[in-house]
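Morning, everyone. I have one structure to show you today, and I'll keep it brief.

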Amino acid sequence: MSKFRAFRIDEKEGKVISGFEQIEINDLSEGDVTVKVSHSSINYKDALAATGKGKILKKYPLVGGIDLVGVVKETTAKNFSEGDNVLVNGCGLSETRDGGYSEYARVSSESVIKLPKNINANQAMQIGTAGYTAALAIHQMEKNGQNPSMGPIVVTGATGGVGSIAVDMLSSSGYEVVAITGKNDQINYLNSIGAQKVIIRGDLDFGKRPLEKAVWGGAIDNLGGEVLSWLLKTTNYGGNVASIGLASSFKLETTVMPLILRAVNLLGINSVDTPRCLREEVWQRIGTDLKPQKLDIIASEAITFDALPQAFEAFIDGKIKGRIVVNIL
Ligand SMILES: NC(=O)c1ccc[n+]([C@@H]2O[C@H](COP(=O)([O-])OP(=O)(O)OC[C@H]3O[C@@H](n4cnc5c(N)ncnc54)[C@H](OP(=O)(O)O)[C@@H]3O)[C@@H](O)[C@H]2O)c1
């Protein structure tokens, strides 16, 4: 195989630098499945990694991109064959091993998922890590007893990738969804993907008491900090609050009162290291009952591989709405 193009992230004299390079297959992390990548996507974490605004890579250099989809080109793994349509999300891509911003990827078969029947390659990356994480949160909440009769589910950071797909999946599954956003010009967008009510983040009154009036059945939080603290103390008896992100803060100040007096559950969600059987269960649901219905609105934008380096800054500035697919081919 001759040289091919990859978007690599490196560190020189304490500074993160990133850009396109021509590399060879043996430059990539080892793995028993070689994939001809067709699409990847951009997540907040990809933007942190590529710009150096967050310390994501555990070693340098690495190809960026925490998501990829494509066709198996070569494999020694017994459960995969040449020509299989596959995806990988998380599993150390662009953290401990080379990721999806490359014409070819070499990955461990342990991390590879066969594309669910009802999902094509483009849709898989419209969903990507963001949608997978939203589905994982809903799956864990429901395993813990969440159901639509418990009251509305709040989604914070609602116009982002995780938030948008969470709104879509919850609403299609019969939940009443309340979206919280910092963008007062995106209320129509949030309504169009399934939010019944939209609250502007700046209008929130966090209160000062350890428990405030309980109004939510549960929550999916992308922000952390005082918003997460407020969600815990305003959730109804037995509700689940899934903590996914820290777009606002990594801190959490709370008391045990919501946990003890309202049996509220704080669920940690990690999309990177999900055990394989759970990962397969969640992708299976993404292809069936949790299949997003509004992907054409949420992921209306796709960019070429060439345009990738210019696309990260808007994520860092919190200006992104929905999901962006990267066409690698
Ligand atoms: N636990 C996991 O495995 C996992 C997996 C995927 C993502 N994440 C994390 O989940 C979060 C969301 O990821 P994403 O891919 O959806 O990111 P994204 O597309 O960039 O969306 C993040 C959203 O958060 C809001 N936001 C951004 N900056 C903010 C700030 N400073 N203060 C308050 N709100 C802010 C904005 O939504 P509004 O304007 O609508 O409020 C923004 O659209 C990130 O923190 C990401 O690292 C975690």
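Start with the ligand. The space it takes is the largest pocket. Keep in mind that this is a predicted model.

Who surrounds the ligand? The shell holds 25 residues, and those that come nearest are Thr 159, Thr 181, Arg 201, Ile 269 and Ser 271.

What kinds of residues make up that shell? By class, 13 are polar, ten are nonpolar and two are charged.

Where do they come from? Domain 1, which is 4–115 + 299–327, gives the shell at least three residues. Domain 2, 129–268, also gives at least three. Now look at the helices. Helix 2 (121–143) supplies at least two residues of the shell, and so does helix 3 (161–172).

Next, backbone atoms and ligand oxygens. Take Leu 246: a polar backbone atom there is 3.1 Å from an oxygen atom of the ligand. For Gly 160, a backbone N or O atom lies 3.4 Å from a ligand oxygen. For Tyr 44, the corresponding distance from a backbone N or O atom to a ligand oxygen is 3.5 Å.

How much of the ligand does the protein cover? On its own, the ligand has 910 Å² of accessible area, and the protein covers 86% of that.

Now, two backbone details. Most peptide bonds are trans, and most residues other than glycine have a negative phi.

Here is a cis bond: the peptide bond from Tyr 60 to Pro 61, with omega near -15°. Find Pro 61 in the loop between helix 1 (44–51) and strand 4 (62–63).

And here is a positive phi: Cys 91, near 55°, and Cys 91 is not a glycine. That residue is in the loop between strand 6 (85–89) and strand 7 (104–107).

That's my tour. Over to you.

Methods. Residues numbered from 1 in each chain as written. Predicted model: local features only at pLDDT ≥ 70, side-chain atom pairs only at ≥ 80, totals over all residues. Heavy atoms only, no water. Near = heavy atom within 4 Å. Polar contact = N/O pair within 3.5 Å; in protein donor to acceptor, adjacent residues only side chain to side chain. Areas by Shrake-Rupley, 256 points an atom, 1.4 Å probe, with all protein chains shown as cover. 1 Å grid on protein atoms, 1.4 Å probe; cavity = no way out; pocket = protein on both sides within 12 Å on 5 of 7 lines; lining within 4 Å. Sits in = over half its atoms within 2 Å of the grid points. Helix = DSSP H or I, 4+ residues; strand = E, 2+ residues; numbered from the N terminus. Nonpolar A, V, L, I, M, F, W, Y, C, P; charged D, E, K, R; others polar. Domains from an automatic or database assignment.
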